[in-house]
Amino acid sequence: MLPPTIPYHQVRDDLWRPLAGVSKRYVLTLSFLMAVALWGLIAWGYQIHEGIGVAGIRRPVFWGFYLVDFVFWIGISHAGTLISAILRLTDADWRKPVTRAAEAITAFALMIGGMFPLIHLGRVWLFYWLFPYPNSRLLWPNFRSPLMWDVTAISTYLTGSLIFLYLPMIPDVAQLAEHATGWRLRLYKLMALGWSGSDREWHALERAMKLMAGIILAVAVSVHSVVAWDFAMAIAPMWHSTIFAPYFVVGAIFSGLAGLIIALNIIRKTMHLENYLTPHHFGNLAKLLLLMSLLWLYFTFAEHLTVWYGNEPKEMNVFGARISGRFSPEFWTMVAVNFVIPFILLGIRKLRSITTATIASVGILIGMWLERYLIIVPTLSLPRLAAASGRYSPSWVEVSITVATFAAMAALYLVFSKLFPIVSVWEFEPHEPEEE
Amino acid sequence: MSLYLSGSFADKKDAAQAIKQLKTNGYGPDDLTVFSDEPVEFPRGVLDRPSHMSLAVVSGAVLFFLAVVGFVYYTQQDYRLVTGGMPIFSFWPTGVVFYEITMLGAILTTTGWFIWESGLLRRDKSIPVPSIEPEIICLRVRCNPDQFAAAQDLLQKAGAKSVAKLEKKAA
């Protein structure tokens with residue numbers, strides 16, 4: 001069911017309304033989220049002061065929650081830019097109310113994900129050693145190291161995502177500047193770059209967005225492939241796999257879509273945007289989510305089947321630990337929330353609704369976090385040298401930082417939605433149904 | 001001295017008609033600017049704005065690619081590592097870095113070219129800009145004083161809801 005035609009002035013009023021005023025509930029929510037985020041910063045400060053030993057990472061598991069969170073947040077970042085770019089390139093008209101909300105998720109998730117390599121550094125104050133600059137020791141970064149691949153990939157993706165988010169915001173902030181006062185006026189004017197709505201500007205914007213969509217698509221795929229290669233380049237059990245890159249890309253889009261559905265439902269409810277984010281949009285996103293769930297299952301099955309059929313002892317150790325050993329509760333929970341529940345809730349048409357899509361998405365986020373945990377921890381716990389096996393349990397510092405990132409993400413999103421229309425006003429032109 | 005007048009159109013077809021007639025009367029694309037609060041697509045040939053953005057983006061990407069290959073080659077050669085005569089520069093393991101920086105070049109060039117081509121930061125602020133109303137297309141015409149009346153008449157005949165003279169702002 002397509003949304004009814006809404007007059008332009010009402011579109012603008014409805015989408016600008018959330019920007020005006022700050023409710024008590026908003027202040028309380030933001031304060032709570034900021035407090036949790038601050039707690040995470042304190043935990044990180046404690047780790048910097050005391051040393052990385054306060055985290056639960058021990059030999060042989062040197063990649064614990066921090067790397068799980070890193071991969072998870074980089075995955076979530078695929079919500080926006082990738083989905084938005086695909087929908088833009090395919091001229092999917094229903095994308096219009098969805099894209100900005102999605103692109104904002106990308107920008108914030110990348111900022112958070114990009115912090116984990118720093119959090120994971122033992123001596124974070126030396127992070128600038130990763131930059132290629134002439135120094136007295138005549139040392140340059142090793143560009144062949146996957147760590148440098150990550151630095152360049154994430155920097156490029158973050159730059160591209162911020163620009164991809166910013167460019168289509170220019171017409172909206174130019175309009176906002178005409179009605180704003182005080183610091184908001186200065187902010188919007190600065191961001192509008194003197195936009196006047198001329199045909200030259202529109203043409204340039206449309207061309208730039210088309211090109212950016214193509215470029216960002218290629219970058220987004222490469223970023224999660226690079227994250228996958230961080231693992232696949234090591235000859236570790238169940239990591240050294242040729243399908244790891246596409247497996248990670250599929251997982252990233254899957255978790256990104258789930259994050260997007262949750263964010264859109266919260267926006268819809270709290271900002272009263274029921275006329276703009278309709279069951280039609282959620283229906284389409286739910287179908288995409290179902291497709292990604294099936295693809296995820298296919299990749300997971302293919303990955304595990306080849307290991308089982310190969311029957312290589314070291315790989316079978318990790319395989320066994322996942323399927324029926326000490327990691328099996330996490331494994332089967334992951335399968336249930338990533339496939340069984342979405343398949344029932346979204347696959348049966350009668351059950352598919354905004355609420356069930358959101359429930360499935362919450363489960364998928366949990367499942368995808370567990371998937372990253374199951375990729376990292378079992379392999380490191382059970383290395384090729386059996387005598388070097390070990391166990392991992394996260395410390396309060398890692399748990400605090402993990403929880404804080406979720407709070408930081410929500411806080412950033414709340415602040416963004418108070419500053420800018422979360423649905424692109426100029427793109428949401430009132431359509432006649434036949435034009436749609 | 002140039003004068004500016006603006007015609008407001010509720011219908012895109014009327015605006016296209018006005019542009020065609022103005023072009024027949026000797027006005028060039030630089031004399032005509034359309035303002036709107038959403039993109040307006042005219043049929044090909046009405047008010048085309050040729051663009052070199054794609055070419056610029058490819059050039060930017062190639063430039064960044066060459067720069068990063070050169071930089072990585074230089075730094076790897078400069079790294080005083082004893083390799084026993086083995087080559088220290090290898091193309092494939094650094095391929096990801098080359099790829100990402102090439103794409104960064106494409107992204108930055110797109111942004112730069114967008115700002116250049118749209119004329120955002122180099123607009124002459126003394127040239128008046130009509131205020132845009134929702135769902136209205138404004139056609140701004142630059143003309144000589146002796147052409148003013150004829151242009152005004154042409155806009156009205158083409159179906160403009162209103163035609164107004166735009167005053168130049170102090171630069």
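**View 1. Where chain B meets chain A in this predicted model.** The contact between the two chains draws 45 residues from chain B and 42 residues from chain A. On the chain B side, the elements that supply two or more residues are β2 (32-35), α2 (53-78) and α3 (95-118). If you want one element to look at here, pick α3(B): with 14 residues, α3(B) gives the most to the side of chain B that touches chain A. Sorted by class, that side of chain B holds 24 nonpolar, twelve polar and nine charged residues.

**View 2. Strand β1 of chain B and its two partners.** Here we follow β1(B), residues 3-9, which is mostly covered, with six of its seven residues buried. Strand β3 of chain B (residues 137-143) pairs with β1(B) in the antiparallel sense over seven bridges. Strand β4 of chain B (residues 162-166) also runs antiparallel to β1(B), and five bridges join them.

**View 3. Helices α7 and α8 of chain A crossing.** The axes of α7(A), residues 170-179, and α8(A), residues 182-192, come within 8 Å and cross at roughly 140 degrees. The crossing of these helices is left-handed. From α7(A), the contact is made by I170(A), V173(A), A174(A), L176(A) and A177(A); from α8(A), L185(A), Y188(A), K189(A), M191(A) and A192(A) take part. By class, the contact of α7(A) with α8(A) has nine nonpolar residues, one charged residue and no polar ones.

Definitions and conventions:
Residues are numbered from 1 along each chain as its sequence is written. Chains are lettered from A and ligands numbered from 1 in the order in which they are written. This is a predicted model: local features need pLDDT of at least 70, side-chain atom pairs count only at pLDDT 80 or more; totals for chains, interfaces and linings use all residues. Axes are lines fitted to C-alpha atoms, for helices over the stretch in contact, and angles run from 0 to 180 degrees between N-to-C directions. Helices (H or I, at least four residues) and strands (E, at least two) are DSSP runs, numbered from the N terminus. A crossing is left-handed if the near helix is turned anticlockwise from the far one by less than a right angle, and right-handed if clockwise. Two residues are in contact if their C-beta atoms, placed from the backbone, lie within 7 Å. Ala, Val, Leu, Ile, Met, Phe, Trp, Tyr, Cys and Pro count as nonpolar, Asp, Glu, Lys and Arg as charged, and the others, Gly among them, as polar. A residue is buried if 20 or more other C-beta atoms lie within 10 Å of its own, exposed if 12 or fewer, and partly exposed in between; C-beta atoms are placed from the backbone. Two strands pair if DSSP finds at least two bridges between them.
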